Amino acid sequence: MIRALLLSAAALIAAPALAQTVAITGATVALGDGSAPIQNATLVFRDGRIIAAGSGVAAPAGAEVIDAHGKWVSPGLVAGFTGLGLHDANGIEESNDGSAKGSPFAAAIDVSTAINPTGVKIANERLGGVTRALVAPDTGNSIFAGQGAVIDLGDDADPVMRARAFQYVELGEHGARDAGGSRPAAYALFRDALTQAQDYRRNPATFGGRDRGALIKRSDAEALLKVIDGQVPLVVHVDRASDIRNVLGLTRDYPKLRLVLTGASEGWRVAREIAAAKVPVIAAALADLPESFEAVAATESNVGRMRAAGVQVGLSADGASGGEHNIRQYAGNLVAITRIPGATGLDWGQALASITSGPAAALGLDGEIGSLRPGRRADVILWDGDPLEIESQPVAIWIDGKPQPMHSRQTELRDRYLTPTEGALPKAYDRR
Amino acid sequence: MGHVRGLRLLAGAAVALSLVACGGANGERPKTASSTPGKAYSRDPYPSTYHRYPGVPTLVRNVTVFDGEGGRIDNGSVLFADGKIVAIGQTLDAPAGASVVDGQGKWITPGVIDIHSHLGDYPSPGIRALSDGNEATAPVTADVWAEHSVWPQDPGFGRALANGGVTALQILPGSANLFGGRSVVLKNVYARTTQAMKFPGAPYGLKMACGENPKRVYGSKGREPSTRMGNIAVDRATWAKAQTYKRKWDKYERDGGDQPERDIAMDTLRGVLAGEIRVQNHCYRADEMATVLDMAKEFGYHVTAFHHAVEAYKIADLLKANDTCAAVWADWYGFKMESYDGIGANLALLEKAGACAMIHSDDANGIQRLNQEVAKALSAGRRAGIDIPDAVAWKWLSLNPARALGIDNQTGSLKPGKMADVVLWNGNPFSVYTRPEKVWVDGALLYDANDPKRRPVSDFELGQPGSGDVK
């Protein structure tokens, strides 16, 4: 069955007509919008977009029909916030574009020019079910890290779905360090930078911003104006409950800010305030240790408690040394803790949403990606089992409706060393 | 500051080594040799004061048993009392007064053993004041002992118990140095002192490191080693000195005479050469592991396990032939050059080749779900056509690490007579939806998901926000 599916995916790769309609029938379909999975359902997509999904959906005439009884279908996973695409390995400094300590620019930095779609991690993570990523820079010389991008992990040369999709700023302990040593210094820098951006808007001709000592440059000011005007979301990394309150208070002075919180280890302590402010959160699912003094109250129930209070939540892939695809393991764990007395997790539908439509919604992109509702981009994973269960794996993957290869450098290494000893020739001659 | 301190330490080491060298040149045995043996130094100056906590005889029945040695019993029973496993089987009778637990839909396994942890020496919170894992002031610091850094109030111990079912673990120094220092094996039971957590009778380990870390740390200081060949050169020079030291002390302890100069670092290396202390070697790349295996033969020691052995799958046959284990992550890869070739099927390929393999964490979060990490490795293996039964894979979580730590005669499987280090899981432990329900260490119930009073709270967390919360 799996082999037949793989063959049909391969056939699709060979087919030039993108207008091909695909119908996946008989599967358990999970829409990724928070709803429960639908048994024995059909998913139809055409021209890179979802046409229909549900139990009463018929395969259109002429469609490529894939019988998926016993299998599951979900939207592709959306990994946020991550450095995927910005480096070949974090520790390889020469090719790491995650941060730029020596640059005079900060908020102006735009990671979209750094994304390398042929980096081996892209294919590895795609094979794990990740189809989109919210790529964020790290801070260098300022509390402002710069402008992040939303990318797809498709096997093509065009990875950037949305450049300059958000601005990223540090306002907790990292922000204190980046600002010279304290939280108040970080806030002083933040407010001064926004004030200067407004100065620049009022009179660009008199705005300096080219001096060596200028705190922000003209292009930084331009990037920050989009934040002040609410044209792009401001993603703020904070963890401590009191820091979260401070960030929520920023809208008193900057009413158009579109805040998104990330980190938020103590978010559950201020969950109702976050919900009332309608600020979405992308948080680590399983950060349950007081890793710093800003995460003393960390618990695996954090995301569940925020969700229960009405906060729009998504899970972060941050720090996943095994790769971004492990967000599905994290989501599954939040279902697991619903069986632990005193803990608050997510139900299955919410858990899947937290790694699909949740991160997309945080940036206002859930109309485009993150679910299998009609009109969304056809990022589709066919799994051989429950997508949140560890043993399950993708057996076919489409991004923007295009079938994706089912191998990566990791599978090639594996196959080369299935038997470790050399045969008639050295291992260097053994390849697919 | 650290740099100055490092230079001072190095100078001290040079003095000590020159004294050793003098002794070697002039230390001929007097013709009228006394036959009185010399006084041996203590091999255990910081002895374990661990004691087991009281438990009640407990029978868990109607439960799926993974015995930790590869065996599985469906609808089976496990009985333990007085801190020890009494029996496992299909059906067992409950002794009078025993607590009987119905295991319907649940699994019972030996406690998880993590051979590679930095809990206590890199504890939470991860602040500089508690950063005690790397004595990164010289590439050879075989003199340091991890137990002298371990903070027994690390909240991570409790998380590893409650979320991970971890009952024993090895705390290692970090990998900045070629010779990082001595490890310590702990019972995962909170105590006021580190000695009271020490696993009774567990042999010591010596942490060594290959590859990028030592050459980066010392190369950036303009010192040897700055290359991989420098790593091995310093290793070999150190082992050569250790052989001299061992000869002198062996002779003194056997024949008496003038007591040789003590060198705390060399004590540890002598212990390795004598087979008393196990080498636990951080090493990612296949070719470097092969070099280290030859170095071990050159100087007469054995490498017990390569840790972080990301490329072990490339030399599974060589590891098997050398009786050296590989301790690995399930899927960590691509975070530095030497991890670039990491693959999820590593564990399965090692098992297929008959090599000794095990999971490890090196991580305060990862240690909380090593069972799930093994589930990933199993799945990756099955994709490669290597179908390892679940019950066999449990060896990667308990018996194999116990063997590599030299405590397998005491724990690591549900064999009668062994310590009752036991986890009852609320489902299949290789499912993402499963968590520990109860954890016993030496038969004492130290975690119970249904009883908030059986949930440890370290001193650090007491009285702070979230104290006593589920974590």
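Predicted model: local features only at pLDDT ≥ 70, side-chain atom pairs only at ≥ 80, totals over all residues.
## Helix 5 of chain B

Helix 5 of chain B spans residues 264-273 and is mostly covered. Of its 10 residues, 9 are buried. The buried run reads Ala265(B), Met266(B), Asp267(B), Thr268(B), Leu269(B), Arg270(B), Gly271(B), Val272(B) and Leu273(B). Charged side chains are listed there too: Asp267(B) and Arg270(B) are among the buried residues. After the helix comes Gly275(B). Its phi is positive, near 80°.

## A three-strand sheet in chain B

Chain B has an open sheet of 3 strands, in the order 6-7-9. The pairing is mixed. Strand 6 (112-117) and strand 9 (184-187) of chain B are the edge strands, and each pairs on one side only. On average, neighbouring strands of this sheet are turned by 20° against each other, direction ignored.

Strand 7 of chain B covers residues 166-171. Strand 7 pairs with strand 9 of chain B in the antiparallel sense, over 4 bridges. One facing pair can be named: Ile171(B) stands opposite Val184(B), which belongs to strand 9 of chain B.

## Two domains in chain A

How many residues of domain 1 of chain A are in contact with domain 2 of chain A? The count is 23, against 24 residues of domain 2. On the domain 1 side, strand 5 (72-75), strand 15 (394-399) and helix 12 of chain A each supply at least two residues. Strand 15 of chain A gives the largest share, 3 residues. By class, this side of domain 1 has 11 nonpolar, 7 polar and 5 charged residues.

## Where chain A meets chain B

The contact between the chains takes 44 residues from chain A and 52 residues from chain B. On the chain A side, helix 9 (327-336) and helix 12 (409-416) each supply at least two residues. Helix 9 of chain A gives the most, with 5 residues. The chain A side divides into 20 nonpolar, 15 polar and 9 charged residues.

Helix 12 supplies at least two residues to the side of domain 1 that touches domain 2, and at least two to the side of chain A that touches chain B.

Methods. Residues numbered from 1 in each chain as written. Chains lettered and ligands numbered in written order. Contact = placed C-beta atoms within 7 Å. Pairing = 2+ DSSP bridges. Axes fitted to C-alpha atoms, helices over the stretch in contact; angles between N-to-C directions. Buried ≥ 20, exposed ≤ 12 C-beta atoms within 10 Å, placed from the backbone.
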